[in-house]
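Hi,

Here's the structure I promised to pass on to you.

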Amino acid sequence: MKKIVLLAAMALSPLVMAQDIVNKPVQSFQTSQYKAKKKVFIENLLAKMTLDEKIGQLNLPSAGDFTTGQAQNSDIGKKIEDGLVGGLFNIKGADKIKAVQKVAVEKSRLKIPLIFGMDVIHGYETNFPIPLGLAASWDMDLIQQSARVAAKEATADGISWTFSPMTDISREPRWGRVSEGSGEDPYLGSEIAKAMVYGYQGKDLSHRNTILACVKHFALYGAPEAGRDYNTVDMSRLRMFNEYFPPYKAAVEAGVGSVMASFNEVDGIPATGNRWLQTEVLRNQWGFDGFIVTDYTGINEMVDHGMGDLQHVSAMSLNAGIDMDMVGEGFLKTLKKSLQEGKVTQASIDLAARRVLEAKYDLGLFDDPYRYGDAKLAAKEVYSLENRNIARNTAAQSMVLMKNENQILPLKKSGTVAVIGPLVNNALNMAGTWSVGANHANSVSLVKGLQDNLGKQVKFLSAKGANIDYSEKLENIYAAHGKLTDRDSRSKEELLKEAISVANQADVVVLAIGESAEMSGESSSRTEIDIPVSQVDLLMELKKTGKPIVVVLFTGRPLALTNMKDIPDAILNVWFPGTEAGNAITDVLFGKVNPSGKLPMTFPRSVGQVPLYYNHKNTGRPLSAEKTEKCEYERFRSNFMDECNTPLYPFGYGLSYTQFNYSEIAVSNVNPNGNQTIQASVTVTNTGNYDGAEVVQLYIRDIVGSITRPVKELKGFQKIFLKKGESKKVTFNISPEELKFYNHSLKYDWEAGDFDIMIGTDSEQVKTVKINWNK
């Protein structure tokens, strides 16, 4: 899709360094001369390689984390020496990686360097908000900069490949991995995918501080049945191309160097062995020329899908277009036999090896296999004060103010504040899920952030108040990957008594509740997506004290907050803010930063509404707008007897400490023809008492189409900064490119007719004007 003007107010991102914001594809450095030189080099190398060595390049084991001196003598070390390993992941530290690389380039026959990967998902040691939180910033410069910082830190520590960005569209909050993506919308997801790729890969992938990106999971992983991870996915190709494919395609267009296959099936064939997906769509239609890696044991898991034995599914995967086998060693163990039996061709093996070797060439590893990883540079670059300040600012910009009755926020920098909840003093959980490289010991908890920043002006009292869950069994499940929930052995009555005592001494209660870090993420599906009862009970009891209550909501997914939203005076959704959590939350609570985050995913009223998303289609029996707004039931219409159709909080929603007024929309031409470009404008005025930022959102509805069309689709947004009393005209350029969709024949085109142009503060609160566009 064409990128409509995306303005990121630099006033919102004072720490952004302009020279680091790179808006060009990675291929910009690949001149014809460069490509010719690379081709000759790779062909000469392939001519020297044995069959075993070629297959070895397709093998990606997980090394674990070697201790010093282990690399050469380990089982993996011997395979490296024999040329049977193409890359490794899960090693951390410049010196360790250098030691393993030394085995490859000094002990193996052809001295082919390894590529080293890691799940650098939302930062390396300096962790940024979880990706769903980053998406809530709607700030492409900030998001790109977060990837740039991650690349600088990871490469200084020896990593040259990250398994990010995850661009899976999802409308399924029961699925825990929504925390790792950008939400429900294909346009927003596409813009974020591009920003992440640019941030990781920069202008020249061979620079020592750029890192190979890997878009995942191709494809459709975010739509599992029942929200259960790894489960079956089944949808029409119309939905694939119009709603789920765009972010993957955007990443390819941005020059992403690698793609990871998904675990799920597509059209009855697991994605890892799906040739239509990996070759016909990804390579032939979209022109992707990098390499494709499986997810963890993705080939082996095709056996349980019912596709055949390991030899068969390995051959099937290679023939589908897979180039690298993560962990399972199906290629290493079976491809030679499959070649002898005619189940794969030498050309297919050569092509896969070529693609892996080309990535290493682009990374500059053949020129200098040790370019990634410098202990002295890592000591200076990793977890630096500059990086932590950037993370702090980014976290503050990602927070979504969901409720603020009587303008209780921002809090006064005086008096006594009770800080209560199971997450108030838990640094381990601040980074959230998929933070494998994070420096958790130094993460800033909420209590520490408040005390360090305002302890001389405000008296802070703290209490736990409740455990994450009444069930110890569930809490043990939640405490994965070393992120302990610090379960308190005291009874719920004792915990509550302490919390009430602390609250009674305070002027206001800040209550930190929600999910713990690993309640969302991979393999963290939930059938109930509300806040655990133990924490809701704590909120209810604190309400009885009569003290104002500000909920600081930690979450990795949209939650059904219906059972608690009316109790507190304010709700600030902080997601999982990362390394600088406590500092960033303090900045927002006390008004140093005016929140400007907007929801990238709909929050339902109850799990029974799921999937619930703004860009749905109409039915033949829609509920009237009046009854929808009033939440009134009508028989023989598309609605629930026991619940409203509307969400609790819609896509794009987010409040500010100030207020913004929108004028009516002015359109330059309400009857455009052909390939004209028109302008749709609104004037936005800050009518409140604080300077602040607003995300102005453009939606379009194609009223009549050859196939049914969504009730609205995001087609542009601008993040603007307005001083109090200031007005600004915001203009969107709209051309037929914004009207295109895949029709029933899967042709990407636009159709003439009537359109609603909508501009507003979220997907529900919009101004509307009608236009008629002729071809």
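Below is what turned up, starting with the cysteines and moving on to the helices.

One thing to keep in mind: this is a predicted model.

**Cysteines**

In case the term is new, a disulfide is a covalent bond between the sulfur atoms of two cysteines. Searching the whole structure turns up 1 disulfide. The partners are cysteine 631 and cysteine 644, with an S to S distance of 1.6 Å. Both sit in the loop between helix H22 (625–630) and strand E17 (660–662), 13 residues apart.

Are the two partners buried or exposed? Cysteine 631 is partly exposed, because its relative accessible area is 35%, which lies between the cut-offs of 20% and 50%. Cysteine 644 has a relative accessibility of 8%, so it counts as buried; the limit for that is under 20%. Another cysteine to look up is cysteine 214, which is buried at a relative accessible area of 0%.

**Helices that pack together**

Two packed helices are described by the angle between their axes and the distance between the axes. I have two pairs for you.

Start with helix H12 (residues 310–320) and helix H13 (residues 330–340): their axes are 9 Å apart and the angle is about 90°. That makes H12 and H13 roughly perpendicular to each other. On the H12 side, the contact residues include Leu310, Gln311 and Ser314, while H13 brings in Phe331, Thr334 and Leu335, among others. Sorted by class, this contact has 5 nonpolar, 6 polar and 1 charged residues.

Now try helix H19 (residues 492–504) and helix H20 (residues 533–543), which pack at about 40° with their axes 10 Å apart. H19 and H20 are therefore oblique to each other, and H19 passes H20 in a right-handed crossing. Leu496, Ala499, Ile500 and Ala503 of H19 meet Leu538, Glu541 and Leu542 of H20. This contact of H19 with H20 has 6 nonpolar, no polar and 1 charged residues.

**A helix with a buried stretch**

Which residues of helix H8 (residues 237–244) are buried? They are Met240, Phe241, Asn242, Glu243 and Tyr244. Among the elements covering these buried residues of H8 are helix H7 (186–201), helix H9 (246–253) and helix H10 (275–285), along with strand E7 (265–266) and strand E23 (741–742).

Cheers

How values were computed. Residues are numbered from 1 along each chain as its sequence is written. This is a predicted model: local features need pLDDT of at least 70, side-chain atom pairs count only at pLDDT 80 or more; totals for chains, interfaces and linings use all residues. Side-chain values use heavy atoms; hydrogens and water are left out. A disulfide is a pair of cysteine sulfur atoms within 2.5 Å. Helices (H or I, at least four residues) and strands (E, at least two) are DSSP runs, numbered from the N terminus. Buried means under 20% relative accessible area, exposed over 50%, partly exposed in between (1.4 Å probe, protein chains only). Axes are lines fitted to C-alpha atoms, for helices over the stretch in contact, and angles run from 0 to 180 degrees between N-to-C directions. Angles under 35 degrees count as roughly parallel, over 145 as roughly antiparallel, 65 to 115 as roughly perpendicular and the rest as oblique. A crossing is left-handed if the near helix is turned anticlockwise from the far one by less than a right angle, and right-handed if clockwise. Contact means heavy atoms within 4.5 Å. Ala, Val, Leu, Ile, Met, Phe, Trp, Tyr, Cys and Pro count as nonpolar, Asp, Glu, Lys and Arg as charged, and the others, Gly among them, as polar.
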